[in-house]
Amino acid sequence: MKIGIIGSGYVGLVTGACFAHLGNQVICVDNNLEKITLLKKGKPPIYEPGLEEMLQENIKRKRLFFASRIEQAVKNAEVLFICVNTPPKENGEADLSYVENVSREIARNLKEYRLIVEKSTVPVQTGEWIHKTIKLIQPRESLFDVASNPEFLREGSAIHDFLNPDRIILGVSSARAGKLLRQLYASFSAPLVVTDIKSAEIIKHASNSFLATKIAFINVVSRICDATGADIENVAYGMGLDPRIGPGFLKAGIGFGGFCFPKDLAAFERMAEKAGVPFGILREVLNSNEEQKKYFIQKVSNALWNLRNKTIGVLGLSFKPNTDDMRFAPSIDIIQGLQREEALIQAYDPQAMPKCKTIFKKVKYAKDAYQAAEHTDALAVLTEWDEFKKLDLKRIKKLMRNPILFDGRNIFDPAEARKLGFHYYAMGRKLRRTR
Ligand code: UDX
Ligand code: UDX
């Protein structure tokens with residue numbers, strides 16, 4: 001099938017590359033010319049495991065092309081996926097102006113039937129607005145359909161998630177649209193949920209909001225464990241054995257970040273409010289996520305007494321491992337909080353440092369974790385990269401001024417760390433893991 005991707009970012013690129021990998025002809029469009037130039041050379045402007053190889057393979061096999069104008073996608077592809085970003089407005093609502101611009105541009109170039117599919121996370125009724133916008137410019141409704149096909153990709157495992165979805169959600173308003181999308185996903189074995197557009201839009205927002213709520217819940221419980229001497233890993237393990245709860249997304253830490261949870265929750269809450277349904281739980285989830293970061297900063301400040309001119313080594317900057325994405329990363333608020341108390345920060349992250357350098361000028365960047373630990377008064381783990389779990393803690397301790405370790409993602413074993421002589425602080429940790 002001939003596919004057009006409009007907006008070649010974290011989601012659009014993975015979607016385009018995977019559809020090409022599955023044998024489709026794909027044209028990826030982006031209005032950022034720099035990105036397109038890079039992509040034409042098979043160089044992804046983002047880090048996502050396996051993406052570079054998949055791009056190069058499919059460019060070579062002439063199944064994947066890049067362009068900067070939407071009309072090139074409309075001309076050559078029957079199914080057009082809208083994957084442009086939907087950033088949060090001041091009031092938390094999703095800014096859909098890019099979605100609207102793209103819809104207009106598609107309408108202006110419509111000559112024959114096209115299926116326009118919203119893949120970006122959008123509030124319910126966006127599909128309706130896309131339809132209205134296109135119809136204003138191109139009144140012949142036989143020339144297009146709008147559908148919703150939300151993505152559930154996790155950064156760092158996006159290719160795996162695309163090729164092995166738990167479910168495929170298709171929100172359609174015509175038999176023709178349903179048939180086309182079923183054909184496109186025919187090779188997948190995952191359950192196919194074919195519903196209306198509004199339900200598909202809400203499935204996405206509600207799923208993300210529920211996952212973030214689960215994380216916020218376990219984070220508050222981790223603070224209770226700290227206060228009472230219980231152990232969060234054992235609590236989460238005991239909870240997760242209940243299949244109604246499940247072990248996933250019960251990892252306590254310094255809070256959730258990324259370009260989805262924070263903005264999708266805010267957008268969902270605003271949309272509910274506009275629909276006359278107050279969604280206070282989500283406001284509380286967002287507030288408690290902010291509290292979690294402040295709690296971590298307080299932990300550091302309590303342990304070090306004064307932070308002024310103290311050097312703190314930071315391991316991990318990206319919002320989660322296996323990505324270079326710094327959007328809404330908890331490390332941003334935490335480093336800002338520590339710098340406000342005049343601490344000196346030296347940091348290392350395997351992938352995110354180039355992006356972080358555009359945010360923090362006053363951070364010293366290290367070539368590896370050991371250099372980040374050199375002459376520090378304390379070390380803080382903010383992202384649970386695998387390589388940090390394998391660090392030689394004896395060597396780390398020798399490099400530091402003081403053996404004070406703040407484990408924001410609970411990657412080390414408290415007993416082991418303490419046996420090595422560290423003053424070890426984590427998020428609700430007390431004992432050795434039970435399994
Ligand atoms: C985006 C949405 O923000 C997210 O809500 C949705 O779930 C998936 O798509 P992401 O891919 O992470 O997420 O956004 P981003 O990496 O910013 O990619 C968007 C791309 O669209 C950028 O490359 C941007 O240059 C491009 N774009 C934006 C256009 O090509 N045209 C526009 O008008 C606006
Ligand atoms: C999320 C959803 O998982 C995905 O389905 C949706 O399509 C996009 O948003 P993503 O934001 O890429 O994916 O990463 P995810 O793995 O969900 O982590 C989000 C944040 O939650 C990260 O900051 C991570 O550190 C945090 N997290 C996750 C926890 O703190 N604890 C957990 O147990 C899981």
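Reader: Which residue forms a salt bridge with Glu128?

Author: Side chains of opposite charge can pair when their charged atoms come close. A salt bridge is defined here as a side-chain nitrogen of Lys or Arg within 4 Å of a carboxyl oxygen of Asp or Glu. In this predicted model, Glu128 pairs with Lys198, and their closest N and O atoms are 2.9 Å apart. The pair links distant parts of the chain, 70 residues apart: Glu128 belongs to helix H6 (residues 126–137) and Lys198 to helix H9 (residues 197–228). Helices (H or I, at least four residues) and strands (E, at least two) are DSSP runs, numbered from the N terminus.

Reader: On what basis are the numbering and the values given?

Author: Residues are numbered from 1 along each chain as its sequence is written, while chains are lettered from A and ligands numbered from 1 in the order in which they are written. The model is predicted, so local features need pLDDT of at least 70 and side-chain atom pairs count only at pLDDT 80 or more, whereas totals for chains, interfaces and linings use all residues; side-chain values use heavy atoms, leaving out hydrogens and water.

Reader: How many salt bridges does this rule give?

Author: The count comes to 32 salt bridges. Among them is the pair of Asp324 and Lys355, at 2.7 Å from N to O. Asp324 lies in the loop between strand E9 (311–315) and helix H13 (330–340) and Lys355 in helix H14, so this pair ties together parts 31 residues apart in sequence.

Reader: Is Asp324 buried or exposed?

Author: Buried means under 20% relative accessible area, exposed over 50%, and partly exposed in between (1.4 Å probe, protein chains only). Asp324 is buried, at 7%, whereas Lys355 is partly exposed, at 28%.

Reader: What does Phe360 touch?

Author: Contact means heavy atoms within 4.5 Å. Not counting residues up to four places away in sequence, Phe360 touches Ser331, Ile332, Ile335, Gln336, Gln339 and Tyr365. Phe360 and Ile335 are 25 residues apart in sequence, with a C-alpha to C-alpha distance of 8.8 Å. Phe360 is buried, with a relative accessibility of 5%, and is found in the loop between helix H14 (353–357) and strand E11 (364–365).

Reader: Which residues gather in a patch of positive charge on the surface?

Author: Patches are made of residues with over 30% relative accessible area and no salt bridge, like charges being joined within 9 Å. Lys and Arg count as positive. Here Lys394, Lys397, Lys398 and Lys419 gather in such a patch. Helix H17 (residues 393–399) gives the most, with 3 residues. Lys394 lies in helix H17 and is exposed, with a relative accessible area of 55%.

Note on methods. Patch = residues over 30% accessible without salt bridge, like charges linked within 9 Å, V, L, I, M, F, W, Y side chains within 5 Å. Areas by Shrake-Rupley, 256 points an atom, 1.4 Å probe, with all protein chains shown as cover. Charge placed at Lys NZ, Arg CZ, Asp CG, Glu CD.
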